[in-house]
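Please look over the sequence and the structure shown here before reading the report. The sections after it go from the whole chain to single residues.

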Amino acid sequence: MQYVNMLLWKNFLIGKTVRMGKIMYTVLIVEDELLISVGLQNMIRWSDMNMSVIADARNGKQGLELYRQKKPDLIITDIKMPVMDGLEMIREIRKQDQTTKIIVLSSYEEFELVREAFKLGISDYILKLKLMPEEMESIIRKVYRELLEEATLLQKESNNTKDRY
């Protein structure tokens, strides 16, 4: 078990960028509305939260392909999109990965879909009509803290394993 913890920590660090001693987390935006996607990329000062947007997609199928290629730490996705919706993309991701954080963007009439998304283990959701920088930053900071807590736990477990050998 201890060896597994050390491997998990090493695997976690693979592909991570470190800036000023802090891990930079990666973000994938999956949104079919170009203005919302560009707005998300520009309204948030990602580097202030040790995050960077590494890619964006216009539908769930593209999002799933980018997820598989890039393994982002956080996905921000719409629920209703052409080709493959966000819910189906989340289902596919959760078949192999329970740890990637996901924030869902939704409209008022999509509440049942948001409930289903929570059952699949999303971190949070935000209504598109209330998409303001302060609210979005608050949610992203909450997710960032969750990512830090998980990384700290993995690191502690890895250090405990090293101390035993």
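## The model and its numbering

This is a predicted model, in which local features need a pLDDT of at least 70 and side-chain atom pairs count only at pLDDT 80 or more, while totals for chains, interfaces and linings use all residues. Residues are numbered from 1 along each chain as its sequence is written, and side-chain values use heavy atoms, with hydrogens and water left out.

## Overall layout

The chain has 6 helices and 6 strands, where helices (H or I, at least four residues) and strands (E, at least two) are DSSP runs numbered from the N terminus. Read from the N terminus on, the elements follow the order α-β-β-α-β-α-β-α-β-α-β-α.

Of the 165 residues, 45% count as buried; buried means under 20% relative accessible area, exposed means over 50%, and partly exposed lies in between, with a 1.4 Å probe and protein chains only. The accessible surface of the chain, computed by the Shrake-Rupley method with a 1.4 Å probe, comes to about 9,200 Å², and 53% of it belongs to carbon and sulfur atoms. Among contacts (heavy atoms within 4.5 Å) between residues at least 6 apart in sequence, 69% join residues at least 24 apart.

## The nonpolar cores

In soluble globular proteins, nonpolar side chains tend to be buried together. A nonpolar core is here a set of buried Ala, Val, Leu, Ile, Met, Phe, Trp, Tyr and Cys residues joined through side-chain atoms within 4.5 Å. The largest such core has 23 residues, of which Leu 40, Met 51, Ile 76, Ile 103, Met 136 and Ile 140 touch the most other members. Two or more residues each come from strand E2 (22-30), helix H2 (34-43), strand E4 (74-78), strand E5 (101-106) and helix H6 (133-164), and H6 gives the most, with 7 residues.

Leaving aside neighbours within four places in sequence, Leu 40 is in contact with Ile 29, Trp 46, Ile 76, Leu 105, Leu 131 and Met 136. A second, separate core of 21 residues includes Leu 28, Tyr 67, Leu 87 and Met 89.

## A pair of helices

Helix H4 (residues 86-94) and helix H5 (residues 111-119) pack at an angle of about 5 degrees, with their axes 10 Å apart. Axes are lines fitted to C-alpha atoms, for helices over the stretch in contact, and angles run from 0 to 180 degrees between N-to-C directions. H4 and H5 are therefore roughly parallel to each other, a description used for angles under 35 degrees.

In this pair, Leu 87, Ile 90 and Arg 91 of H4 meet Leu 113, Glu 116 and Ala 117 of H5.

## Single residues

Glu 31, in the loop between E2 and H2, is buried, with a relative accessible area of 0%. Ile 126, in strand E6 (residues 124-127), also counts as buried at 0% relative accessibility. Leaving aside neighbours within four places in sequence, Ile 126 is in contact with Val 104, Leu 105, Ser 106, Leu 131, Glu 135, Met 136 and Ile 139.

Most residues other than glycine have a negative phi. Asn 50, however, has a positive phi of about 55 degrees although it is not a glycine; Asn 50 lies in the loop between H2 and strand E3 (51-57) and counts as buried at 8% relative accessibility.

Conventions
Angles under 35 degrees count as roughly parallel, over 145 as roughly antiparallel, 65 to 115 as roughly perpendicular and the rest as oblique.
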